[in-house]
Every structure is written in structure tokens, then in C-alpha cells.
Amino acid sequence: LDSSSLMVFAQKFDPEILCYTAEFKGEDRNEFAEDLKYADKIATLLKVNLRRTTITSEDYAKDFESFVYQLDEPLADPAAFNIKILSAHARKDGVKVLLSGIGGDELFGGYRRHTLARFIGFSKVVPWLVHLRDNTMVNRFNSDNLYIRRFNRLVKMLNNNENEKSLALFLWASKSQVTKLFSERFREEVI
């Protein structure tokens with residue numbers, strides 16, 4: 001029940017269906033590059049028109065206040081913001097309804113953070129992970145590689161206290177990036 005299966009079903013009703021995906025540009029956003037490759041592969045296989053919408057950190061900052069107002073509840077996942085941007089682009093193409101695979105990960109446990117949470121639990125009983133925590137050599141690996149970045153993030157998380165570990169599983173950006181979203185006054189008074 002992800003976006004790929006929805007694309008197959010929707011294409012049976014409308015062979016000319018337009019499909020949209022997000023392409024992220026900017027700092028630390030290329031972790032989603034594998035998702036984009038998969039979207040391209042599926043679109044080519046099914047011969048559908050896949051339209052890419054480039055999303056940058058500036059897009060988040062530009063409409064942040066109106067987005068928070070429209071959302072009407074706290075949410076740490078940027079996916080809703082991505083859908084807002086994709087929807088605006090689709091609307092320009094005359095599309096009024098979008099189908100999405102959102103919710104499939106929650107239903108089938110597909111988020112990487114669930115696997116990571118289990119792995120962090122193993123670090124308490126597996127001695128080499130405990131040793132790896134203190135090994136600064138991990139930071140010397142090439143950070144251009146997606147898997148090396150994820151591994152480095154895991155090692156850094158292992159050094160955190162339990163609350164910080166839990167919080168890190170749900171943050172999509174660094175603390176410094178998140179802090180930039182708030183007004184100067186808020187940063188001075190709260191952060």
C-alpha cells in the first residue's frame with residue numbers, strides 16, 4: 001500500500017495519470033536520493049508521466065508560519081510540508097485530487113528509525129558496538145556515502161543519553177537547522 005502500488009491501480013483507471021515526486025536540494029537532503037531513484041524506476045516501468053518538484057530548505061522557511069497555522073497541531077515529520085508543496089505544483093497542472101502512499105510506513109513498520117531503535121537496543125548487549133561508540137575513527141569515513149552517513153549518525157546517537165537517543169530518532173534535521181526556523185525572540189527566550 002505504498003505510492004507505487006497506488007500508481008499501478010490508478011493507472012488502470014487513467015492511463016495518462018500524472019505522478020508527482022519530491023526532489024530535495026540542499027544540506028543533508030540527499031538521504032532521500034534512493035527514494036527518487038526508485039520513483040524514476042517505477043515510473044519508467046509503468047510508462048507514467050512523473051513530475052519532479054524540487055524542494056529546498058528555503059521552501060520550508062518561506063512558508064513555515066502559514067504551514068504551522070494550517071496544520072493546526074504539532075508534527076515533527078516534514079512529509080506533510082512536502083505534500084503541501086507537491087499539491088501546489090499539481091494544482092498548477094490542473095490536478096485537484098492526489099493519491100498518496102502516506103500511512104503505509106506506519107502500517108507496515110517501514111521507517112528506518114524503527115530498525116534503528118532496535119539496533120540501539122542491541123548496543124547495550126553487543127560489546128563491539130559499545131567500543132565503537134568511543135572510536136573517533138568513524139568520523140574519518142567518507143560522508144558522501146548515504147550508508148556511511150547513517151552509520152556515523154548511529155555511532156553519534158550511541159553516545160547520547162536515553163532521552164536524546166529517542167528524540168534523535170524523530171528529528172529530520174540537526175538542532176542548529178531546527179533552531180533557525182524560530183524567531184530571534186523565541187530563540188532568546190526559550191532555546
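Helices here are DSSP runs of H or I with at least four residues, and strands are runs of E with at least two, numbered from the N terminus. With that in hand, welcome to this predicted model.

**Overall layout**

Read from the N terminus on, the elements of the protein chain follow the order α-β-α-β-α-α-α-α-α-α-α-α-α-α. That gives twelve helices and two strands. Of the 191 residues in the protein chain, 28% are buried. The accessible surface of the chain is about 13700 Å², and carbon and sulfur atoms account for 57% of that surface. Looking at contacts between residues at least 6 apart in sequence, 64% join residues at least 24 apart.

**The two strands**

Let us turn to the strands. β1 and β2 pair in the parallel sense, over eight bridges. β1 is mostly covered, with six of its eight residues buried. As a general point, side chains in a regular strand alternate between the two faces of the sheet.

**The nonpolar cores**

Which residues form the largest nonpolar core? There are ten of them: Y20, A22, F24, I55, Y60, F67, F81, I85, L86 and A90. β1 and α5 each supply at least two residues of this core, and α5 gives the most, with four residues. A90, one of the core residues, touches Y20, V95 and L98, leaving aside residues up to four places away in sequence. A second, separate core has nine residues, among them A10, C19, A39 and L50.

| Element | Residues |
|---|---|
| β1 | 18-25 |
| β2 | 49-56 |
| α5 | 79-92 |
| α11 | 175-179 |
| α12 | 184-189 |

**A patch on the surface**

On the outside, L181, F182 and F186 form a nonpolar patch, with about 220 Å² of accessible area together. F182 sits in the loop between α11 and α12. Is F182 buried, partly exposed or exposed? F182 counts as partly exposed because its relative accessibility is 31%, and that class lies between the limits of 20% for buried and 50% for exposed.

**In brief**

The picture to take away is a parallel pair of strands, β1 and β2, a largest core of ten residues to which α5 gives the most, and a nonpolar surface patch that includes F182.

Conventions. Residues numbered from 1 in each chain as written. Predicted model: local features only at pLDDT ≥ 70, side-chain atom pairs only at ≥ 80, totals over all residues. Heavy atoms only, no water. Core = buried A, V, L, I, M, F, W, Y, C linked by side-chain atoms within 4.5 Å. Buried < 20%, exposed > 50% of the residue type's maximum accessible area, 1.4 Å probe, protein only. Contact = heavy atoms within 4.5 Å. Areas by Shrake-Rupley, 256 points an atom, 1.4 Å probe, with all protein chains shown as cover. Patch = residues over 30% accessible without salt bridge, like charges linked within 9 Å, V, L, I, M, F, W, Y side chains within 5 Å. Salt bridge = Lys/Arg side-chain N within 4 Å of Asp/Glu carboxyl O. Pairing = 2+ DSSP bridges.
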